[in-house]
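Hi everyone, thanks for making time for this.

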Amino acid sequence: MKKSLLFFLFLIPLAVRSQSNNAPSSYDPHEIAITGYLQTQYQRAQSEGISSFSGGDFSKNSRDRFIIRRGRLKIDRVDKYSSIVFQIDATQNGVQLMDAFIQLYQPTSKALIFTAGLFNRPFGHSIVYSSGFRDFPERARMFQTLMPRERDIGAMLSYHPKNIYKFITADLALVSGSGYAARDYDSKKDVIGNIAFKFDSLANKKFHLGFGGSVYKGTVRNDTENYYTFDGNSYIRNTNASSIGYNAKRDYFGGNLQVQYDNTFGKTIFKAEYVAGTQPGVAASSSITGPLASQSFSAQPATDLYLRPFMGYFLWFTQQISQTKFTALLAYDVYDPNRKLKESEIGLNNGSTAGDIKYSTLGYGCTYVLNSRVKITLYNEHVVNDPTKLTGYTEDLKDDVFTARLQYRW
């Protein structure tokens, strides 16, 4: 038994592993497998104490820092009918639970999989795609706003046939809606639906295509007598005693595309996602910064809800440099909390706050893959917000961030 255990501990990390977080290291039956990765990095911001979606906000009097961005340890086991995955994240901030789920499936094809526990929300492409394999340091601002830390607790049914329809993947999940904290603060549950199509080895095995669509239908509980909706060019306050306990709509609709071309110059990859819908948030204040005012809640919001019609997207482009170990990175993403409000109108007498400001980010850099385990990333993010009428936001904030990262994966 000891020899078998040691065999799997060393063999499994070298096997073909899924790039999806909602799966064990391999679906081949095995005893305990231990995998993971460590990301340590240096960052320098344009200004001290900035709000950032690149690894979190900087301390009040600091513009540069060393941090452990991710320290993942994943343990899984697979048998004929089931599997279990348990993953933690250890950084300078402590140890946190990341994944903890059980899967049941058909013993032969595994086309139909039932998952229960804490897992990545099956929305779009980049949410479920592992940070250990992703070329870009972070997910786009819109996903860090709508689905911070990506996980939620609940149950999911997945369909991935192995026959002639193997290009289809479909997921349907019922989750608490409170996200990574996994402590539901109301009786409502949220529904997530996702369908993806993937065609590999087209055009003489040089062209790969993937695309899909997702929907998120949920609610956020209001705990005051007021909530705000946007009508025309201003916020309208809805006041009623019955507003306490009102379930505000939290609806997302998204589409995604992935294209890869293996050419003589090197591998070329383009990825894009677009999401729009209604996001319940709060007003920005001295205690809640603008970017966090529209972020999804992990606990009951204490102040009035603001129902914002949002829009966001990202474009990711990577190009391997002439069959070398270098890959060039280029990205552009946008998150607009209120797509019906112009930045020049924010701060006028319309109820708007810093929580309505649109941000765009241009990212560029490169990676160097030393070997199958070690990767170095150099990346700069140029973050832009248009001028508003609000004090402190009358011009573009100085909040660019440079990242130098060293990653080891086993």
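This is a predicted model: local features need pLDDT of at least 70, side-chain atom pairs count only at pLDDT 80 or more; totals for chains, interfaces and linings use all residues.

The chain has 4 helices and 18 strands. Its radius of gyration is 22 Å, close to the 22 Å that the globule rule gives for 410 residues, so the chain is as compact as a globular protein of that length. If you draw a box around the C-alpha atoms along the principal axes, you get roughly 70 × 45 × 45 Å.

How much of the chain is buried? Of the 410 residues, 48% count as buried. The accessible surface comes to about 19,200 Å², and carbon and sulfur atoms account for 60% of that surface.

Now let's look at the second largest pocket. Its volume is about 640 Å³. There are 29 residues in the lining, and the closest to the pocket's centre are Gly55, Gly56, Arg69, Gln144 and Arg149. Which elements give two or more residues to this lining? They are strand 2 (64-78), strand 3 (82-91), strand 4 (94-105) and helix 4 (290-293). Strand 2 provides the largest share, with 6 residues. Sorted by class, the lining of this pocket holds 6 nonpolar, 12 polar and 11 charged residues.

You'll find glycine 56 in the loop between strand 1 (30-45) and strand 2. Is glycine 56 buried, exposed or partly exposed? With a relative accessible area of 28%, it is partly exposed. Glycine 56 and arginine 69 sit 13 residues apart in sequence, and their C-alpha atoms are 9.5 Å apart in space.

While we're in that loop, have a look at serine 47, which also lies between strand 1 and strand 2. Serine 47 counts as partly exposed, at 23% relative accessibility. Which residues does serine 47 touch, leaving out those up to four places away in sequence? The answer is Ser62, Arg63 and Lys398. Serine 47 and lysine 60 are 13 residues apart in sequence, with 9.8 Å between their C-alpha atoms.

The largest cavity has a volume of about 250 Å³. It is lined by 23 residues, and Phe53, Arg139, Asp333, Thr361 and Glu381 are the closest to its centre. Helix 2 (141-146), strand 15 (326-336), strand 16 (359-369) and strand 17 (374-385) each supply at least two residues of that lining. By class, the lining of the largest cavity has 11 nonpolar, 6 polar and 6 charged residues.

Glutamate 150 is not a glycine, yet it has a positive phi of about 65 degrees. To find glutamate 150, go to the loop between helix 2 and strand 6 (151-159). Is glutamate 150 buried or exposed? Its relative accessible area is 9%, and because buried means under 20%, glutamate 150 counts as buried.

The other one is serine 322, which has a positive phi of about 50 degrees and is not a glycine either. Serine 322 lies in the loop between strand 14 (305-320) and strand 15. At 39% relative accessibility, serine 322 counts as partly exposed.

My last stop is lysine 342, in the loop between strand 15 and strand 16. Here the relative accessibility is 58%, and since exposed means over 50%, lysine 342 counts as exposed. How far apart are the C-alpha atoms of lysine 342 and threonine 388? They are separated by 8.8 Å, while the two residues are 46 residues apart along the chain.

Notes
Residues are numbered from 1 along each chain as its sequence is written. Side-chain values use heavy atoms; hydrogens and water are left out. On a 1 Å grid over the protein atoms alone, a cavity is a set of points where a 1.4 Å probe fits but cannot get out, and a pocket is an open set with protein on both sides within 12 Å along at least five of seven lines; lining residues have an atom within 4 Å of a point. Grid points are joined across faces, edges and corners, and a volume is the space filled by probe spheres set on the points. Ala, Val, Leu, Ile, Met, Phe, Trp, Tyr, Cys and Pro count as nonpolar, Asp, Glu, Lys and Arg as charged, and the others, Gly among them, as polar. The radius of gyration is taken over C-alpha atoms; the globule rule is 2.2 Å times the number of residues to the power 0.38. Buried means under 20% relative accessible area, exposed over 50%, partly exposed in between (1.4 Å probe, protein chains only). Accessible areas come from the Shrake-Rupley method with a 1.4 Å probe; for residues, only the protein chains shown count as cover. Contact means heavy atoms within 4.5 Å.
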